Structure formats: structure tokens, C-alpha cells
Amino acid sequence: MSTINYSEKIPNNVNLGEDRTLQRALEGWQPNFINWWDDVGPEGSTNHEVYLRTAVSVDPQGWAQFGHVKMRDYRWGIFLNPGDANREVHFGDHKGEKAWQDVPGEHRANLRRIIVTQGDTEPASVEQQRHLGLTAPSMYDLRNLFQINVEEGRHLWAMVYLLHKHFGRDGREEAEALLQRTSGDVDNPRILGAFNEKTPDWLAFFMFTYFTDRDGKFQLAALAESAFDPLARTTKFMLTEEAHHMFVGESGVSRVLARTAQVMNELKTDDPQKVRAAGAIDLPTIQRYLNFHYSVTIDLFGADQSSNAAIFYSSGLKGRYEEGKRTDDHVLKGQTYKVLEVKDGQLVEKDVPMLNALNEVLRDDFIKDSMAGVGRWNKVLEKAGIPTRLAVPHKAFNRQIGALAGIKMSPDGRVVNEIEWAAKRNEWLPSAEDFAFVASLMGRVVEPGKFAGWISPPVMGINRQPVDFEYVRFG
Ligand SMILES: [Fe+2]
Ligand SMILES: [Fe+2]
């Protein structure tokens, strides 16, 4: 493993300096990236000095250093986990062959598509979150938002490096296009649906980082198994950063719940209107936000049956979550998996070839992981003596992709007709009125150690700093 050279324009541990052509190409892309950051990155943040961690090594102990930096000057770099010269492909038709250091011609189009699709989500989330800095509930939260934003920027760099290094002219064109699509743009939107949704307020942000960044975790984990070794190594390192994003979401929602429970106990009420009048977010609204972000996020895994998923797996491009820990044959031919389908207006289970159901396998792994955190949120309510519990909605609720898109389902798993759906929609998903209420709470609180009234302070600060540390210096 080479160390990271910070005197270079682009910090990296891939010996970029030894490949002048590639270095020049990436140095040519760099100013376009900065322009993109200035145009659609965090609004009004140019002069802030933010207490950020910057990756300086891929060593699990001490891979990052903390310090106040202007985000524009953040050292977005290229870091791959150390390689293993003897690594073998461990699933699919190429199982047992040596892992690939270059892209095999026959898999080029599919790999490019996988990398572009992953890469597209990274700048998309920065765009979705760009206004949130103006309404941060605290300086601590503002810092966490910016940390996520710069790291999503670095994840874009990670994918662009692969495109430039391994895909020639096509790769360079795709790298440009990644800066041209814009989240929510009618003419040139981001590739995946959830990444064109708005993240209008901080409750949405915490739900997004809990659920949608967790989709990122599962996609990255599946790519970390890839036979294409540079992709496996770069996604492994991205996962190190991703953990913090999900922490922000999980602890953020926990803190919202803690505050809501406190208000409910003080007022001895579970009346949403009274909770709202006291400036906290009522539990039904939190549940509706959860329903929305969960359902939009599970769509990201794609159609429940997909021949592409089978091809990606069999050709070694994308494995399963924790492929190496599974004890089956890692080829999966002749095996089956249960998926849901709509029959006579009802949901029924059916067995389909496992290889074609790998999107569903990954979605089910995601669902398990998501539910664990919802359980931890419920502990917050339980500890406060509040009997209400949050729950993830049924898998078929509010789906837009795959077989389940053809059905209307209540969150508790009842098939409903259009009339009932229309009547109950605002009980199940956030309404314009919910958004307006949550928006009304979003003021800007940025004095060190102060917090907006709808959220509790965190238990601890970042990097062992106190909660009232000056996480952002306003220039
Ligand atoms: Fe990311
Ligand atoms: Fe992330």
C-alpha cells in the first residue's frame, strides 16, 4: 500500500503520479467538479470553516484526520483498500479464477453501467441536501450535514477514477455527464427515482441518511465482492465513510423521538395537535416520513425479478451482501427464492430462480438491517414510557418499481382499492400540511451548544469534542 501524497493536486494512494495521462485527465475534470460544487453544492457555505474528517489513509486505525477546513478546499482524494495479489473471484461462473485488474471486454458495458449508476447517486444526494444548511437545528448537525456532503463528493471521485482509468473515452464522457445531470431536473434528472425526490427538511434528511444511505451500504457491499478488483477495493473504503452517514440518520431520528417523548410526557398527551403546538414533531408525522423514505428506498433495489441481476452475479460483477460469509455454492444455479406477485388483486408468494431474484435478496437483507434500527428507535419511546411504536410499512406499500407497483397496499399489508387509498393517503404518507408544519419548525440554530426545540442534543460530540464545540466557524 502506498501512502497518500498530499502535495499532489489529487491526494491518492493509487500512484497517480506514475500515470501522467490519467493524472492529466483527472486534473482536467477537477475544475468541473469544483464548478459543480459551487453551483449546486451546499448553499451559502463558501466561507465556512467546518470541522471535518479528511481521509488520509486506508488504515482502519486512524484513516482520517480532523480539522477546520473550507469545504471548497477539502482534499477529495482517491483511496483504494489494499489489494491482495492472490484474490480470486468467489462467486458466479468465474469462481476460482484470478480477480480482474482490468475490465474484460465482454463485461465492459455492464460494469460501466454499474459504476455510472452508483456514481450518479453521490452528487445527487449533495444536490438534494443543498438547502439544509440554511435551517440546521444546531452547529453540531450542520457539521454532520457538511461531512456527509464532502464524503458523497469523494464517492463521486472514487467512481470517476474508475471511469477514467478503465473505460477510456466513454469513461471520460460518463464522468462529465455525472456533473451534468441534476437531482429533480425535468430535462436531465439523476438516474434513480429516490435521488430525484426532495429532501426539504431535517426530518427528511435524517430519514434519508438512515434509509437511503443504507441502500448505499448494501449496494457498496455487493460491489465490494466484485471480480473487478479496483471496484471491490474502492467500494470497501467507501463503506468506511458510509457508516457515519447512517449514524447521522439513526441518531438524528432518535433525538427527534426523544424530544417528542419529552414534550408528550410534560403535557401528558398523545394528541398530535398539542405536540405540534408545543413545537415538537408528533409521532404520526414521524411514522409517515418513515413510510415514505422506506418505500422510496426499497424501490432502489430494482425489479424483484431481473435478468440483469442474474447476469451481473453470474459474470462476477456484483455479489450478494456478505457473499463470503454465505455457505451455499456461490453459483446459485437451480436454486429458488420466494418473491411476491399480484394475482387476482391479491399478493401471493411464488418461487422463482434465485439468480433472477437477486435484487429481491439484497432488498430483503436491507429490510432486515433497517428494521433493527427501527427497533432501537422504539427503545427511545419505550424508555420514555410512551406506548406508541414505529414500524416499517409492508414491503408492497407505495412501490413504484417491480411487480408490486401494480397494487395499492396499506402500510399494515392489506390490499386496498383506489378509493380507500385516496381517502387514507394522508394518514399513510406525509401530506402537504405535514411538510408545511415541519418546515415551520426549521429555523437556523447555530450558536455552539444550542439546539432547536424539536430535537434533543446528542449524547456525545464528534471526535470526542464537547457537544458545544465550535464545529463551524462562519467566515
Ligand atoms: Fe456515498
Ligand atoms: Fe452516504
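The model is predicted, so local features are described only where pLDDT is at least 70 and side-chain atom pairs count only at pLDDT 80 or more, while totals for chains, interfaces and linings use all residues. Residues are numbered from 1 along each chain as its sequence is written, with chains lettered from A and ligands numbered from 1 in the order in which they are written.

The protein contains 12 helices and 5 strands; helices (H or I, at least four residues) and strands (E, at least two) are DSSP runs, numbered from the N terminus. Its C-alpha trace spans about 65 × 60 × 40 Å along the principal axes. A compact globule of 475 residues would have a radius of gyration near 23 Å, and the value for the protein, 23 Å, agrees with this. That radius is taken over C-alpha atoms, and the globule rule is 2.2 Å times the number of residues to the power 0.38.

Of the 475 residues, 45% are buried. Here a residue is buried if 20 or more other C-beta atoms lie within 10 Å of its own, exposed if 12 or fewer, and partly exposed in between, with C-beta atoms placed from the backbone.

Packed helices are described by the angle between their axes and the distance between the axes. The axes are lines fitted to C-alpha atoms, for helices over the stretch in contact, and the angles run from 0 to 180 degrees between N-to-C directions. Angles under 35 degrees count as roughly parallel, over 145 as roughly antiparallel, 65 to 115 as roughly perpendicular and the rest as oblique.

Helix 1 (residues 20-40) packs against helix 4 (residues 168-180) at about 10°, with the axes 10 Å apart; the two helices are therefore roughly parallel. On the helix 1 side the contact is made by Ala25, Trp29, Asn32, Phe33 and Trp36, which meet Arg172, Ala175 and Leu179 of helix 4. By class, this contact has 6 nonpolar, 1 polar and 1 charged residues, where Ala, Val, Leu, Ile, Met, Phe, Trp, Tyr, Cys and Pro count as nonpolar, Asp, Glu, Lys and Arg as charged, and the others, Gly among them, as polar. Helix 4 also holds Glu176, which is partly exposed, with 13 other C-beta atoms within 10 Å.

Helix 3 and helix 6 pack at an angle of about 170°, again with axes 10 Å apart, and are therefore roughly antiparallel. Residues of helix 3 in this contact include Asn144, Ile148, His155 and Leu162, and those of helix 6 include Leu231, Met238, His244 and Val248. The contact has 7 nonpolar, 7 polar and 2 charged residues.

Leaving out residues up to four places away in sequence, Val256 touches Leu203, Phe206, Ile281, Ile286, Trp454 and Ile455.

Several loop residues complete the picture. Most residues other than glycine have a negative phi. Lys268, although not a glycine, has a positive phi of about 50°; Lys268 sits in the loop between helix 6 (229-267) and helix 7 (272-277) and is exposed, with 7 other C-beta atoms within 10 Å. Asp344 is likewise not a glycine and has a positive phi of about 50°. The loop that holds Asp344 runs between strand 3 (336-343) and strand 4 (346-353), and Asp344 is exposed, with 5 other C-beta atoms within 10 Å.

Glu43 lies in the loop between helix 1 and strand 1 (49-55) and counts as exposed, with 12 C-beta neighbours inside 10 Å. Beyond its neighbours within four places in sequence, Glu43 is in contact with Arg130, His131, Gly133 and Leu134. Glu323, in the loop between helix 9 (307-314) and strand 3, is partly exposed, with 19 other C-beta atoms within 10 Å. With neighbours within four places set aside, Glu323 is in contact with His90, Phe91, Glu225 and His330.

Definitions and conventions:
Two residues are in contact if their C-beta atoms, placed from the backbone, lie within 7 Å.
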